[in-house]
Amino acid sequence: MNLPSTHPLVDGRTTNAPLIRAFRGERPEITPVWFMRQAGRSLPEYLKLREGIGMLDACLRPELASEITLQPVRRHGVDAGIFFSDIVIPLRLAGVDVDIVPGVGPVLGEAVRTPAQVDRLVSSPLTDEAMAPIREAVALTVAELGSTPLIGFAGAPFTLAAYLVEGRPSRDHLAARTMMHADPASWARLTEWAADVTGAFLRGQVLAGASATQLFDSWAGSLSRADYIKHVAPSSERALSHVKDLPVSVVHFGTGTEHLLTAMHDVGADVMGVDYRTPLDKANRLLGGTVPLQGNIDPALLAAPWPVLEAHVRDVVVRGRSAPAHVVNLGHGVPPETDPAVLTKIVELVHSLSA
Ligand code: 1CP
């Protein structure tokens, strides 16, 4: 075993938690549920803690990041914590000039477009030393979580490249998709670097105590299947190679990725996260009926009247029964304006349906 003896999967704290069992392909008595973006802007206690503190600064203050991670677990009774951080944190820790601008998202001091800019980027690695605040935050969190597993996460190289090459959030990620065709050598160097930096970020979280992982390739849906396989899959596989020797399940998630489900599974994922556009029984068929699924309540329905939302959640749970195993989640992140009480109610409903 390549994990420290104090790791929750080694000392047994989380080994048989419903989430971990479902990720292994089993059907625990309780259907596990958690929410992407459960830590964050839908919670008043989060907004209070974040007052006057920048997003990335909050991520790098261990006590704060840990407390924010724990808030939704206490409030909703979800079956996992998701580490409070961001996919651009490993870029910042490797020395990239990136910030999260309120109301916009990740913005770079300078977009990475030319071979010389790629050279400069790939000359800065993510060191073990720079990872110290992440390790500390994970350790503090895991000590509080007890038998509830912590999910560590990272962004996939393509989604990181979508920010690095564009310099900011974009609709179709045109500059990134152009670079992969116009300058494939620079594209390869950029995405290999992103794979190693994001892979080190993920590995650091697992060694510090995370019991499962999720790789977010949120924007991969903008790619054709051919481009994904040729220009993106190799670097995603490389990112996951950083945790391949560790006994943790990997969930792989993207939006608008029905045409990529099998290709995204093939890079080394154990569980596929499914967005709200693809019914779970269809996703299960596409994956050959062998892959545990996570998803896929439509975030838009969180603001619908309860009977409408309840019928939808029941439908998701029933469709999820077609798969070998199922972890209930949203089909993308919690919208900031969501009433937190609705999330708590979903957790109670999903747990009651399992019994
Ligand atoms: O002002 C604020 O409060 C900042 C909002 C915010 C938060 C709470 C950002 C900016 N990031 C985060 C935390 C975060 N980001 C988490 C941990 C919390 C949790 O899930 O409970 C995670 C897992 C992420 C991952 C992330 N960041 C993704 C992948 C997930 C997804 O939603 O697809 C992406 C694409 C980002 C980039 C990012 N960071 C923040 C924003 C607003 C964005 C998206 C911008 C865009 O539209 O391109």
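Let me begin with strand E9, residues 326-330: five of its five residues are buried, so the strand is largely enclosed by the rest of the structure. Buried here means that 20 or more other C-beta atoms, placed from the backbone, lie within 10 Å of the residue's own. Strands are DSSP runs of at least two residues and helices, H or I, of at least four, numbered from the N terminus.

The model is predicted, with local features requiring pLDDT of at least 70 and side-chain atom pairs pLDDT 80 or more, while totals for chains, interfaces and linings use all residues. Residues are numbered from 1 along each chain as its sequence is written.

Both faces of E9 are covered, with His326, Val328 and Leu330 buried on one side and Val327 and Asn329 on the other. E9 runs parallel to strand E8, residues 293-297, and five bridges join them; strands pair when DSSP finds at least two bridges between them. Leu330 is the bridge partner of Ile297. Together with helix H14, residues 306-320, E8 and E9 make a right-handed β-α-β unit. Right-handed means that, with the strands pointing away from the viewer, the path from the first strand over the helix to the second runs clockwise.

I turn now to the ligand. It is surrounded by 22 residues, of which Ala39, Gly40, Gly105, Pro169 and Ser218 are the closest; a residue counts as near if its C-beta atom, placed from the backbone, lies within 6 Å. The shell comprises 12 nonpolar, seven polar and three charged residues, where Ala, Val, Leu, Ile, Met, Phe, Trp, Tyr, Cys and Pro count as nonpolar, Asp, Glu, Lys and Arg as charged, and the others, Gly among them, as polar.

How values were computed. Buried ≥ 20, exposed ≤ 12 C-beta atoms within 10 Å, placed from the backbone.
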